[in-house]
Every structure is written in structure tokens, then in C-alpha cells.
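This report walks through a protein model for someone meeting it here, moving from the overall fold to helix packing, ring pairs and a loop. Please look at the structure below before reading on.

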Amino acid sequence: MTARELGIALLGAMAFALPPSAFAQNTNGKNLYTQRCAVCHGADIKGTGPLARKSNPPTPDLTTAAFKKRLESYPGVIVSSVILRPNGDLIPRTLKENGVKIAPHSWTVQDFRDLNKYMGDVISESR
């Protein structure tokens with residue numbers, strides 16, 4: 001494991017060291033997801049966004065039992081690793097090729113926590 005990968009893993013783990021408030025989870029997590037993730041993953045987190053089939057490989061359905069288990073087993077690590085190292089160049093390339101601009105964001109530990117919680121809640125509701 002490289003120093004960068006270890007840093008990402010530690011940041012993700014730190015994101016869940018303190019319990020966040022329910023209000024922040026719902027509002028901030030939903031806003032982050034809607035503004036930064038839904039273009040590919042869709043509002044339902046099932047890989048139904050407008051760019052879902054334009055990436056190679058296509059955007060996955062995140063409501064599967066396997067992904068839910070990964071989200072629960074490695075809280076924050078999955079979300080933060082994708083955000084901080086967006087699957088090589090897949091995410092930036094897909095956005096660029098389709099003329100989609102998403103403003104840079106300075107991620108905080110609370111943001112990772114809220115986004116992870118929001119996604120977990122949506123996945124639980126979809127089952």
C-alpha cells in the first residue's frame with residue numbers, strides 16, 4: 001500500500017470516529033450526492049444518471065448487496081477513495097468527454113461522513 005493509499009484509508013476511517021448529527025447527514029450528504037454524484041449514479045443510486053452508460057465501464061448500481069456490504073465494512077474508505085482518486089481518470093474523462101463541469105470542492109471529514117450516511121440510507125430504503 002502506497003503512502004497516498006494509506007492516507008486515503010486513514011482519512012476515510014477518521015470520517016467515522018465521531019458521530020455526526022442527523023440533520024447534517026441528510027442535508028449535506030444529499031446535497032453533495034445530488035451535485036457531484038447523481039450525474040452518473042442517478043438520484044436512485046442505481047447507475048441511472050444521464051452519463052451512466054457513457055462511461056467505460058458503465059456506472060455501477062450502488063444499491064446492490066455487495067456494495068452495501070463494502071460501504072458498511074469500510075465506512076468512509078470507499079467513498080473517500082473514489083472522490084480523492086476518481087478511479088484513475090475514468091470520472092474526469094467521462095465528465096470532460098460529455099462537457100459536464102463540476103466545480104472543485106474542498107472535501108472535509110464531515111462531507112465524507114455525510115455522503116456515506118446519505119448513500120447508506122438510500123441503499124437501505126431501496127431494499
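Read along the sequence, this predicted model follows the pattern α-α-α-α-α-α-α, with seven helices and zero strands in the protein. Of the 127 residues in the protein, 32% are buried.

| Helix pair | Distance between axes | Angle | Crossing |
|---|---|---|---|
| H4 and H7 | 11 Å | about 145° | left-handed |
| H5 and H7 | within 9 Å | roughly 115° | right-handed |

Helix H4 spans residues 65–73, and on its side the contact with H7 is made by Phe67, Lys68 and Leu71, which face Asn116, Met119, Gly120, Ile123 and Ser124 of H7. Sorted by class, the residues in this contact of H4 with H7 are four nonpolar, three polar and one charged.

Helix H5 covers residues 77–84, and here Val79, Ser80, Ile83 and Leu84 meet Phe112, Leu115, Asn116 and Met119 in H7. The contact of H5 with H7 has six nonpolar and two polar residues, and no charged residues. Asn116 and Met119 of H7 take part in the contact with H4 and also in the contact with H5.

**Aromatic pairs**

How many aromatic pairs does the model contain? The count comes to two aromatic pairs. In one of them, Tyr33 and Tyr118 lie 5.8 Å apart from centre to centre, with 40° between their planes, and the pair is tilted. Tyr33 belongs to helix H2 (residues 22–36) and Tyr118 to helix H7 (residues 109–126), so this pair ties together parts that are 85 residues apart in sequence. Both tyrosines, Tyr33 and Tyr118, are buried.

Why is the pair of Trp107 and Phe112 stacked? The ring centres of Trp107 and Phe112 are 5.4 Å apart and their planes stand at 10°, so the pair is stacked, given that planes under 30 degrees apart count as stacked. Trp107 is partly exposed, with a relative accessible area of 21%, whereas Phe112 counts as buried, at 1% relative accessibility. Phe112 is also one of the H7 residues that meet H5.

**The loop between H3 and H4**

Several local features fall in the loop that runs between helix H3 (38–41) and H4, where Thr59 is found. Is Thr59 buried or exposed? With a relative accessibility of 8%, Thr59 counts as buried, because the limit for a buried residue is under 20% relative accessible area. Leaving aside residues up to four places away in sequence, Thr59 touches Cys40, His41, Gly47, Leu51, Ala52 and Arg53.

Pro57 is found in this loop between H3 and H4 as well, and the peptide bond that leads from Asn56 to Pro57 is cis, with omega near 10°. Ile45, another residue of the loop between H3 and H4, has a phi near 65°, which is a positive value in a residue other than glycine. Ile45 counts as buried, its relative accessibility being 0%.

Technical notes:
Residues numbered from 1 in each chain as written. Predicted model: local features only at pLDDT ≥ 70, side-chain atom pairs only at ≥ 80, totals over all residues. Heavy atoms only, no water. Phe/Tyr/Trp six-rings, centres within 6.5 Å; stacked < 30°, edge-to-face > 60°. Helix = DSSP H or I, 4+ residues; strand = E, 2+ residues; numbered from the N terminus. Buried < 20%, exposed > 50% of the residue type's maximum accessible area, 1.4 Å probe, protein only. Axes fitted to C-alpha atoms, helices over the stretch in contact; angles between N-to-C directions. Left-handed = near helix turned anticlockwise from the far one by under 90°. Contact = heavy atoms within 4.5 Å. Nonpolar A, V, L, I, M, F, W, Y, C, P; charged D, E, K, R; others polar.
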